[in-house]
Amino acid sequence: MKYIFLFCAFGFAILLISFESSEFTYPNYFPKPVYNFSHNPLKKETIQLGRRLFYDPILSADSSISCASCHSQYNAFAHVDHDLSHGIYDRIGKRNAPALMNLAWQELFMWDGAINHLDMQALAPITHPNEMDNSLENVISRLRNNSNYRHYFFSAFNDSSIKTEHVLKALSQFELIFISSNSKYDSVKKGLVLFTEKEKKGYEVFLQNCNACHTEPLFSSYSFSNNGLPLDSTLLDYGRVSISLQSADSGYFKIPTLRNLRYSFPYMHDGRFKTLSKVIQHYTSGINYSLHLPKELKKPLQLSSEQKVELMSFLFTLNDSSFVFNKQFSYLK
Amino acid sequence: MPCNFITYLLPFVLFLFYTKALYSQAFTVNIKPMYYGQIIQIDHPVIDSLQGEQVTFKECKFYLGKFTLYSKDTVLHFNRYQLIDIENANTTALSFPIPSSFYADSISFLLGTDSVTNINGIMDGDLDPLNGMYWAWNSGYINMKIEGITPKCPGRNNLFQFHIGGYQAPYQTAQNISCAFKRSQSIEIQMHVQKALEKVQLSNEYQIMSPGKKAKEMSESMSTMFTILQ
């Protein structure tokens, strides 16, 4: 009898532990997240509140667009089919909205790293004239005047006063659970399936030529680099240098992940390439040689047409359909 | 038993009263922004006594934080930030709990916010971005904000705007300030705002609103604004 009791207690404890971490699980070959969860411990109600806010156009000046307008789940939370993303009143910005995933492993946000913490990120699109064109004051007062939100905030934070801190932390919590770790690559890592011969060769090509910047298993080092794109004279976007004010950062942009490329086209900070083969072509024959090019790109990539096909088939193994169709991330009805 | 209870509890209660009494005093600091000896009030013109120009301040807000009070043998740290807005008298009178026997003879504090505060994520109270002292487009606090109008300023509506911030090397703008004074439990800190503007010519430099070299230089000028009046 005593043993049965102990067994039950043990089982219950295991259940509790797995429930506790069920919102945020990641494979053991991922590094440790950099987000400080002790400042913002995940809670089911807070994640749901973040989810409501993410999909609610209440955040934009004329209540026309939400975060999801430029970050749609079916596109791995990128803005499909637009080179430059557009926000409120059809105003066009100067960059391509990045895909959102595995954000807990990233320290700096935006293509130029202008935002230094996930919690602060939402302030930028909310207030940017080409995005939501709103003010923080207006967002807070609208939410405070909404009795449903007062209720949701109370369930999330035991406080219905609706403070900036809580709005931003709730948005962070929802975005933190955007974990993509169920691609074929992940299944291979977990020992569940094997790569095909072609994918395996493509993996070799990847490791030799791409992994220095698009480092596995997140497929980005999340640092900044210049990948030799010729400057678009209509945008004159020099990237990171405008934030760091260090001339060595001229033409540097945040290295994007290679996960979910199938869903997140077009590619590059200004969305200039619609297809992956255009991207590979850039690295083999399109690099603009400048002072600021990193050593990895000083010599053009030399890939046979066979290797290009192999590399593409490996890159396809990084697509994670369970991520783009995960019901936990979708619009809350 | 009740007797025992009291015997044990009484020293504890007395101790509580004692510690409360220990910190019952407050060290008070009054911040007074001045312009060439005249007290600055928002929307009330003051005169630049060197050139006779009239200046009307429209906004004057800044962070002070990490206060430390020194006496001969004691050092008291207060690890908080206070947003001073001269339009709001509640924010210009600061009070720090001290033991009754404590008399400070110097004070040090940070003008602005340190780098840890700038990268720590969202905070509440005086550090809430709702206070209008945070850059959404380039994460970081605006450490000091001075805006006003003066006829010689060629900006729109003669407006000058200095939003000074930046925490990354080499353009950090938070400044360590320290001032010595005669032993006291109360001081007035005068901030001579003309010192901040002395090095820029408002006729050609009238807006700084991003981190960088100019912001750093102005923050260095601002570090010379403070004097103590007793």
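How many residues does the contact take from chain B and from chain A? In this predicted model, the contact takes 21 residues from chain B and 22 residues from chain A.

**View 1. The interface of chain B and chain A, with the area that the two chains bury between them.** About 1,700 Å² is buried between chain B and chain A, and 57% of this area lies on carbon and sulfur atoms. On the side of chain B, the residues that lose the most area to chain A are Ile122(B), Leu130(B) and Ala136(B), which together account for 35% of what that side buries.

**View 2. The salt bridge between Lys163(A) and Asp124(B).** Across the interface of chain B and chain A one salt bridge is found; Lys163(A) pairs with Asp124(B), and their closest N and O atoms are 2.7 Å apart.

**View 3. The buried residues of helix 6 (residues 136-144) of chain A.** Leu136(A), Val139(A), Ile140(A) and Leu143(A) are the buried residues of this helix, and because they cover an arc of only 95° around the axis, they lie on the same side of helix 6 of chain A. The elements that cover these buried residues include helix 2 (44-54), helix 5 (123-127), helix 7 (147-157) and helix 8 (164-176) of chain A.

**View 4. A nonpolar surface patch made by Leu231(A), Leu236(A) and Tyr238(A).** The patch has an area of about 280 Å². One of its residues, Leu231(A), is placed in the loop between strand 1 (224-225) and helix 11 (241-244) of chain A, and Leu231(A) counts as partly exposed because its relative accessibility is 40%.

How values were computed:
Residues are numbered from 1 along each chain as its sequence is written. Chains are lettered from A and ligands numbered from 1 in the order in which they are written. This is a predicted model: local features need pLDDT of at least 70, side-chain atom pairs count only at pLDDT 80 or more; totals for chains, interfaces and linings use all residues. Side-chain values use heavy atoms; hydrogens and water are left out. Patches are made of residues with over 30% relative accessible area and no salt bridge: like charges are joined within 9 Å, nonpolar side chains (Val, Leu, Ile, Met, Phe, Trp, Tyr) within 5 Å. Accessible areas come from the Shrake-Rupley method with a 1.4 Å probe; for residues, only the protein chains shown count as cover. A salt bridge is a side-chain nitrogen of Lys or Arg within 4 Å of a carboxyl oxygen of Asp or Glu. Helices (H or I, at least four residues) and strands (E, at least two) are DSSP runs, numbered from the N terminus. Buried means under 20% relative accessible area, exposed over 50%, partly exposed in between (1.4 Å probe, protein chains only). The arc is that of the directions from the helix axis to the C-beta atoms. Contact means heavy atoms within 4.5 Å. Buried area is the accessible area (1.4 Å probe) that two parts lose on being put together, summed over both.
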